[in-house]
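Work through the exercises below with the sequence and the model in view. Each task is followed by its solution.

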Amino acid sequence: MAALPVYRWRLAPDGYATRRQLRARGLRPGGQGVAAQLERPRRRRGPLVAYLYRVDLAKPVRPMTPARWAALAKANTARRTCPACRHDVGYVIPPTLGSCVPCAYPEQYAA
């Protein structure tokens, strides 16, 4: 197994991009492996590492189908539905609470 080429922060050659940079161009890695990595030195800790992919091997992002839009809407609705009172509370319920705020703190919201 050959070692990956390592470049300093902001000094990678053209033709390489991170996942976010590929996404901004409407591309995805498309099954290719990591081609190189960037390292940004930090004080008192290990370096920040970013993986790079080859742009010429990247594929276009798959379009959203109506079924995928429907599945995403259903998942978001489930994240907004309180398991205790079964109401859509209009915001994503924090996993730390496990229920909507009035159900988590009933003494503060008692009428």
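This is a predicted model: local features need pLDDT of at least 70, side-chain atom pairs count only at pLDDT 80 or more; totals for chains, interfaces and linings use all residues.

Residues are numbered from 1 along each chain as its sequence is written, and side-chain values use heavy atoms, with hydrogens and water left out.

**Exercise 1.** State the average pLDDT of the chain.

Solution. Step 1: pLDDT is the predictor's confidence in each residue, from 0 to 100. Step 2: the chain average is 93, and 98% of the residues score at least 70.

**Exercise 2.** Find the salt bridges of the whole structure.

Solution. Step 1: a salt bridge is a side-chain nitrogen of Lys or Arg within 4 Å of a carboxyl oxygen of Asp or Glu. Step 2: the search finds two. Step 3: Asp56 pairs with Arg54 at 2.7 Å, N to O, and Arg80 pairs with Asp88 at 3.2 Å, N to O.

**Exercise 3.** Classify Asp56 and Arg54 as buried, partly exposed or exposed.

Solution. Step 1: buried means under 20% relative accessible area, exposed over 50%, and partly exposed in between (1.4 Å probe, protein chains only). Step 2: Asp56 has 56%, so Asp56 is exposed. Step 3: Arg54 has 33%, so Arg54 is partly exposed.

**Exercise 4.** Classify Arg80 and Asp88 in the other salt bridge.

Solution. Step 1: Arg80 is partly exposed because its relative accessible area is 25%. Step 2: Asp88 is partly exposed because its value is 45%.
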